[in-house]
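Student: I would like to learn how to read a helix and a strand in a model. Where do we begin?

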Amino acid sequence: MESVESKSQILVVDDNIESLELLAKLLSKAGYEVYLATNGSEALEKTFTLIPDLILLDIMMPTMNGYEVCQKLKSNEQTCNIPVIFISALSEVPDKVCAFSVGGADFINKPYSVKEILVRIEYQLKIAKLQKEIFQQKEQLIRQNYLLEQEISDRKRIEKELRKTTPRLATLIENLQAGILLEDENRRIVLINQTFCDQFNIAVPPQMLIGADCSQAAEQNKILFKEPDRFVQRVEQILQQKQVVVGEYIFLADDRIFERDYIPIFCDQDYQGHLWQYRDITAQKAEEFQLFKQSQALIAFSNSLKQLHRLNVTNFDNIEALFADYIQTGCEVLNFTAGAVGRVQNDSYSFLAVKSEIKSLVPNLTINLSDAYCDKVVESGTTITFSHVGKMEEMRCHPLYENLKIESYIGTPIFVNGELYGTLCFFSTLPRLDGFENHEKEIIELMAQSIGKFISARQTEAELHILFAAMTDLVIVRDVNGKCLKIASPSPNLYKSADEMIGKTLHDTLPLAVADLLLEGIRASLSNKETIDLEYSLPIRGRNMWLSTRISPLSEDSVIIVARDITNRKEIEEALRNSEAHNRALLEAIPDLLIRVNGDGYYLDYVVPPGFDAVFGTLYYR
């Protein structure tokens, strides 16, 4: 970013080193000469040493806060004119009121926009420069007035020295960057410069106007001003009051703006005439207006971002409610009365949601894509704007303009998973004379991206729902503390109903031992970023049921738990264990030696009766 104040010195004061370095890097990149201070005392010391052009001042600092620093600066004649911009995370109205009451020029909330802070800094630097120029010009006028009063203090001396003084004064006035007209007490011209003649389109050379009567000049030239009669009345009022007037705005019919000064000249309390000075400040005012527009645009963009944030964090029950809210919000932010979301399929365009006073535009209406302005959006794949279709020769024959006379339009594509889904657009039967700002295009594009993400999420959710519906397993999403966030696949194997589990922790709904086991598994899974397998039993529907559970990380602070009923398997395993123990007990009760061999006569195993080893010794096969 290039700044008119590229060499301006800026002192940044903040006890947060990270924030201080970030601002220093940002401002240095923008071309400013940056100095840093980490506390109030250091800030005052550097200010009195450097006399910077602007100070960025944090509020919350130890020992001496930003308000106290600003008060000390404003109470000192050497530093009172340095603009101070408070930059703080404090956002309450009393904080801002306090900032301005101690002399702050502006207040920027953290976190801040890079564009915003640079524009505001540049604006304050320009205002300070203009004020300095105005002050210097006023000082110059006061000095001139003093010289004039000294020169006319003695009538005889003035008359005697007139021939010497007039050429010098004429040279001075001729070289001033302002229109000068010096009249005597009878309103006859004593001095006039070429700048004055140029300002009011006077074709006669200044020298030929010396001695001319100006008593009727205001009436004769009032046509040059936007309010002719008021101009004449004001001139008469000033001449009657004979009091100094400085910096009075004059608005001309050709849209120029002048700043006028009037200085009466007295010699020993005897009125000797007056000095008029006119400065053309049209360019200066235009620049101030552009800065004001930029500031307003930033405010509007900031408000629009707040609206977009609200939309992004809103949980919509259905897609129709989302479309309706986005269209209504877009109309308010972009200053339109109508908007629509449409689906593009092959060569057709279907209105999914509409807000319009045009009765023929209703939801579920399907038209040919070529009959909608959206065909231009689809063709380009980018945002398209029309400010005044009636003045676009190539668009006046478009079916939509011929049928509905829609004059202004902004539309942007909606992409879902990288594929064109449809468009979001806003339109009006009135032209948009000021056209479209870049931030307005950015806003509609952000809205379309958000809609696309919502549609994609809904499609994914629908696919997962179908998948889970085909599963017999229980699928639950829990956070790091075991809170049940979602039951993705309800199963009959629930210890409690889904309604009783949603929003509740493990310890709210499960036996203590099972809750502890699962919570430990959840935290191990998140900590190690791996799948944990667990088995446990629960009394469900009057039966002790066994569940095999897999816990896998879903995000940084949530897991997905898949539980499968393994009760039958457990019961079979238990039955086998019981059967084996029973058979072993029967065999050991037989008093004879039992040896099992295969068909080839090879030994497999044996069962010896009690006391056999003591009598016969250990078997060879053992």
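Tutor: With a term: contact means heavy atoms within 4.5 Å. Helices (H or I, at least four residues) and strands (E, at least two) are DSSP runs, numbered from the N terminus. This is a predicted model, in which local features need pLDDT of at least 70, side-chain atom pairs count only at pLDDT 80 or more, and totals for chains, interfaces and linings use all residues. Residues are numbered from 1 along each chain as its sequence is written, and side-chain values use heavy atoms, with hydrogens and water left out.

Student: Which residues of helix 1 are buried?

Tutor: Buried means under 20% relative accessible area, exposed over 50%, partly exposed in between (1.4 Å probe, protein chains only). In helix 1, Ser19, Leu20, Leu23, Ala24, Leu26 and Leu27 are buried. They lie on the same side of helix 1, because they cover an arc of only 165° around the axis, taken from the directions from the helix axis to the C-beta atoms. Glu18, Glu21, Leu22, Lys25 and Lys29 are exposed on the other side.

Student: What covers the buried residues of helix 1?

Tutor: The cover includes strand 1 (9–13), strand 2 (33–37), strand 3 (54–57), strand 4 (84–88) and helix 5 (114–151).

Student: How many bridges join strand 11 to strand 16?

Tutor: Two strands pair if DSSP finds at least two bridges between them. Strand 11 and strand 16 (residues 419–428) run antiparallel and are joined by 6 bridges; Arg343 stands opposite Gly422 there. With strand 12 (residues 348–355), strand 11 has 7 bridges, also antiparallel.

Student: What lies between strand 11 and strand 12?

Tutor: A turn of 2 residues, which makes the pair a hairpin; Asn346 in that turn has a positive phi of about 55°.
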